[in-house]
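Welcome, and please take a moment to turn the model around before reading on.

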Amino acid sequence: MLLYIHGFNSSPFSDKGIVTAQYIASHYPKLSFFQPQLPATPKAAMEMLIEIVEEQVAKGESLHFIGSSLGGYFASYLVENYGGKAVLINPAVKPFELFDEFLGEQYNPYTDEQYQVLPVHKQEVARYNTQVILNPDRFFVLLQSGDEVLDYKQAVHKYHYCQMLVEAGGDHSFIGYKQQLDRICQFLFLDK
């Protein structure tokens with residue numbers, strides 16, 4: 001099973017989401033691939049993700065994740081609590097510290113949804129914090145120093161024992177992501 005987890009105000013229909021779905025369909029056509037549109041609130045989003053993961057665990061499926069930005073934060077929690085392996089793309093490390101600047105009305109351009117970010121959502125997202133990565137061999141972290149949304153150095157610090165690729169420049173979307181998909185899938189699906 002591969003679960004692609006998009007970021008804040010994003011969607012499976014982002015450029016990374018589309019490229020990932022096309023790659024998996026052509027290279028791993030028999031793989032159970034999940035790419036849900038997450039609800040806007042952290043609690044509802046994580047409940048959806050946990051339901052997918054627990055259903056797959058009950059079927060005996062091995063767990064694999066690709067998480068982008070806030071999706072990387074969620075993927076870290078899932079791997080540390082349920083097992084499996086994850087590739088994190090410019091992951092959020094402490095999103096609860098950034099929530100104050102997003103309070104109020106938000107708009108998701110992919111879903112055309114308008115919604116409110118409330119103070120309670122800050123506490124919701126903080127519940128899923130993995131302060132220490134206990135299983136660094138389960139993570140491959142891709143970072144670009146030009147990320148204009150998140151400080152990539154926070155991820156370097158948190159995931160310092162994990163396999164990591166840090167590229168100079170780039171941006172939050174991770175420029176050149178498509179060219180990394182072979183390497184991403186080698187990490188996720190090839191046993192060492």
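Is Glu-47 buried, partly exposed or exposed? Glu-47 has a relative accessibility of 43%, so it counts as partly exposed. Please keep in mind, as you follow along, that this is a predicted model.

**Charged pairs**

Glu-47 has a partner: Lys-43 forms a salt bridge with it, and the closest N and O atoms are 3.1 Å apart. Side chains of opposite charge can pair when their charged atoms come close. Both Lys-43 and Glu-47 belong to helix H2, which covers residues 42-58. They are four residues apart there, about one turn of the helix. Lys-43, at 36% relative accessibility, counts as partly exposed.

How many salt bridges does the model have? The count comes to two. In the other pair, Asp-100 forms a salt bridge with Lys-122, with 3.3 Å between the closest N and O atoms. This pair links distant parts of the chain, 22 residues apart. Asp-100 sits in the loop between strand E4 (85-89) and strand E5 (104-108), while Lys-122 is in helix H4 (residues 119-126). Asp-100 has a relative accessible area of 48% and is therefore partly exposed. Lys-122 is partly exposed as well, with a relative accessible area of 25%.

**On the surface**

Which residues make the nonpolar surface patch of about 320 Å²? Look for Phe-13, Ile-18 and Tyr-110. Phe-13 lies in the loop between strand E1 (2-5) and helix H1 (15-27). With 60% relative accessibility, Phe-13 counts as exposed.

Another tyrosine to find is Tyr-82, which is placed in helix H3 (residues 70-82). Tyr-82 is partly exposed, with a relative accessible area of 28%.

**Open pockets and an enclosed cavity**

Next come the spaces. The largest pocket has a volume of about 320 Å³. Its lining is made of 18 residues, and those nearest its centre are Ser-10, Ser-14, Lys-16, Tyr-110 and Ser-173. Tyr-110 is also one of the residues that make the nonpolar surface patch.

The second largest pocket holds about 160 Å³ of space. Its lining includes Phe-8, Phe-99 and Phe-102, and Ser-69, Leu-70 and Ala-92 are also among the residues there. Pro-95, Leu-98, Val-149 and Leu-150 line this pocket too.

There is one cavity of 30 Å³ or more. The volume of this largest cavity is about 170 Å³. It is lined by 18 residues, and the closest to its centre are Gly-7, Phe-8, Asn-9, Pro-39 and Ala-40. H2, H3 and strand E6 (113-117) are the elements that give two or more residues to this lining. Phe-8 is named for the second largest pocket as well.

The table sets out the make-up of each lining.

| Space | Nonpolar residues | Polar residues | Charged residues |
|---|---|---|---|
| Largest pocket | six nonpolar | ten polar | two charged |
| Second largest pocket | nine nonpolar | one polar | no charged |
| Largest cavity | ten nonpolar | seven polar | one charged |

Asn-9, one of the residues closest to the centre of the largest cavity, has a phi near 55 degrees, which is a positive value in a residue other than glycine. Asn-9 is in the loop between E1 and H1, the loop where Phe-13 is also found. Is Asn-9 buried or exposed? Asn-9 is buried, because its relative accessible area is 18% and buried means under 20%.

Phe-174 also has a positive phi in a residue other than glycine, in this case near 65 degrees. You can find Phe-174 in the loop between strand E8 (163-167) and helix H6 (181-189). Phe-174 is buried, with a relative accessible area of 2%.

Definitions and conventions:
Residues are numbered from 1 along each chain as its sequence is written. This is a predicted model: local features need pLDDT of at least 70, side-chain atom pairs count only at pLDDT 80 or more; totals for chains, interfaces and linings use all residues. Side-chain values use heavy atoms; hydrogens and water are left out. On a 1 Å grid over the protein atoms alone, a cavity is a set of points where a 1.4 Å probe fits but cannot get out, and a pocket is an open set with protein on both sides within 12 Å along at least five of seven lines; lining residues have an atom within 4 Å of a point. Grid points are joined across faces, edges and corners, and a volume is the space filled by probe spheres set on the points. Ala, Val, Leu, Ile, Met, Phe, Trp, Tyr, Cys and Pro count as nonpolar, Asp, Glu, Lys and Arg as charged, and the others, Gly among them, as polar. A salt bridge is a side-chain nitrogen of Lys or Arg within 4 Å of a carboxyl oxygen of Asp or Glu. Buried means under 20% relative accessible area, exposed over 50%, partly exposed in between (1.4 Å probe, protein chains only). Patches are made of residues with over 30% relative accessible area and no salt bridge: like charges are joined within 9 Å, nonpolar side chains (Val, Leu, Ile, Met, Phe, Trp, Tyr) within 5 Å. Accessible areas come from the Shrake-Rupley method with a 1.4 Å probe; for residues, only the protein chains shown count as cover.
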